[in-house]
Amino acid sequence: MHTLVIDGHPNPDSLCAALAARYSDAHGDARVLAVRELAFDQNMRFGYTRRQELEPDLQDAWAAIQEASRIVVVTPVWWGSVPSLLQGFFDRLLLPRMTYDASGTVPKGLLRGRSSRIILTADSPGYYLRLTGNTPIRQLKTHVLGFIGLSPIAVTRYSPVKTSTEQRRQQWLADAARLGEKDAKRYLPAPSPALIS
């Protein structure tokens, strides 16, 4: 698989869901993984003190992440962060020794060789997000995707959604399709580990 599109919005009728679908359709070699459709416990019941077995849906999601050469995360900004559903997905799946190695002085991402794109929607205008430090972008780019080794990481933001017109939303959807087409041409699939001698 070339690209995995992770749709982190809990609502299937959301703009995020539509953006993820439009990007994926235009890309042609992408799979949408809607986190809302997965059956898993969002809470790390024991923190990092005890192993919590991955549910079948998380095992499938992990296999899809391993196969992908590009990972796209589509999410709204809620309270300066991502929805708890998406955060729970990250908490449960992006585990030490699977996605990063913390045995040395500096943690090392284990998913290197993959690129990424973040597609964000927000009700706040862009200038407000910049004034407040772009915390959702920093969190995703530096503390999640970059931390596990993804690079480069492109960022696309659509806002403000709350006051947007239907025409404006259609423009955003067309832009997501354009990004999907562009990314499909720009990033070639990673070679299969079985083919590397």
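## Around Thr121

Leaving out neighbours within four places in sequence, Thr121 is in contact (heavy atoms within 4.5 Å) with Leu15, Cys16, Leu19, Thr75, Pro76, Val77, Tyr158 and Val161. Thr121 sits in strand S6, which covers residues 115–121; strands here are DSSP runs of E with at least two residues, helices are runs of H or I with at least four, and both are numbered from the N terminus. With a relative accessible area of 6%, Thr121 is buried. On this scale buried means under 20% relative accessible area, exposed means over 50%, and partly exposed is in between, using a 1.4 Å probe and protein chains only.

Some housekeeping: this is a predicted model, where local features need pLDDT of at least 70, side-chain atom pairs count only at pLDDT 80 or more, and totals for chains, interfaces and linings use all residues. Residues are numbered from 1 along each chain as its sequence is written, and side-chain values use heavy atoms, with hydrogens and water left out.

## The overall fold

The protein chain has six helices and seven strands. Read from the N terminus, the order of elements is β-α-β-α-β-α-β-β-β-α-α-β-α. The radius of gyration is 17 Å, close to the 16 Å that the globule rule gives for 197 residues, so the chain is as compact as a globular protein of that length. That radius is taken over C-alpha atoms, and the rule is 2.2 Å times the number of residues to the power 0.38. Along its principal axes, the C-alpha trace spans about 50 × 40 × 35 Å.

Of the 197 residues, 46% count as buried. Among contacts with a separation of 6 or more, 77% come from residues 24 or more positions apart. The accessible surface of the chain comes to about 10500 Å², with 52% of it belonging to carbon and sulfur atoms; these areas come from the Shrake-Rupley method with a 1.4 Å probe, and for residues only the protein chains shown count as cover.

## Helix H3, under cover

Helix H3 takes in residues 84–93, and seven of its 10 residues are buried, so it is largely enclosed by the rest of the structure. The buried ones are Leu85, Leu86, Gly88, Phe89, Phe90, Arg92 and Leu93. What covers them includes strand S1 (3–7), strand S2 (30–34), helix H2 (56–67), strand S3 (70–76) and helix H5 (135–145).

## Charges and salt bridges

The chain carries 24 positive and 18 negative side chains, and the centres of the two sets lie 9 Å apart. Lys and Arg count as positive and Asp and Glu as negative, while His and the chain ends are not counted; each charge is placed at NZ of Lys, CZ of Arg, CG of Asp or CD of Glu. With a salt bridge taken as a side-chain nitrogen of Lys or Arg within 4 Å of a carboxyl oxygen of Asp or Glu, the count comes to eight.

One of them pairs Asp7 with Arg36, the closest N and O atoms being 2.8 Å apart. Asp7 lies in strand S1 and Arg36 in the loop between S2 and H2, so the pair ties together parts that are 29 residues apart in sequence. Asp7 counts as buried at 1% relative accessibility, whereas Arg36 is partly exposed at 22%. Another salt bridge joins Arg117 and Asp183 (2.8 Å, N to O). Arg117 is in strand S6 and Asp183 in helix H6 (residues 166–186), so this pair ties together parts that are 66 residues apart in sequence. Arg117 and Asp183 are both buried, and along with Arg70 they are linked in a network of salt bridges. Within H6 itself, Arg178 and Asp175 lie three residues apart, about one turn of the helix, and form a salt bridge with their closest N and O atoms 2.8 Å apart.

Two cis peptide bonds deserve a look. Ser151 and Pro152 are joined by one with omega about -5°, and Pro152 is in the loop between H5 and strand S7 (153–158). The bond from Ser159 to Pro160 is cis too, with omega near -10°; Pro160 is in the loop between S7 and H6.

Positive phi values turn up as well. Trp79 is not a glycine, yet has a phi of about 55°; this residue is in the loop between S3 and H3 and is exposed at 90% relative accessibility. Arg97 has phi near 70°, sits in the loop between H3 and strand S4 (100–101), and is exposed, with a relative accessible area of 73%.
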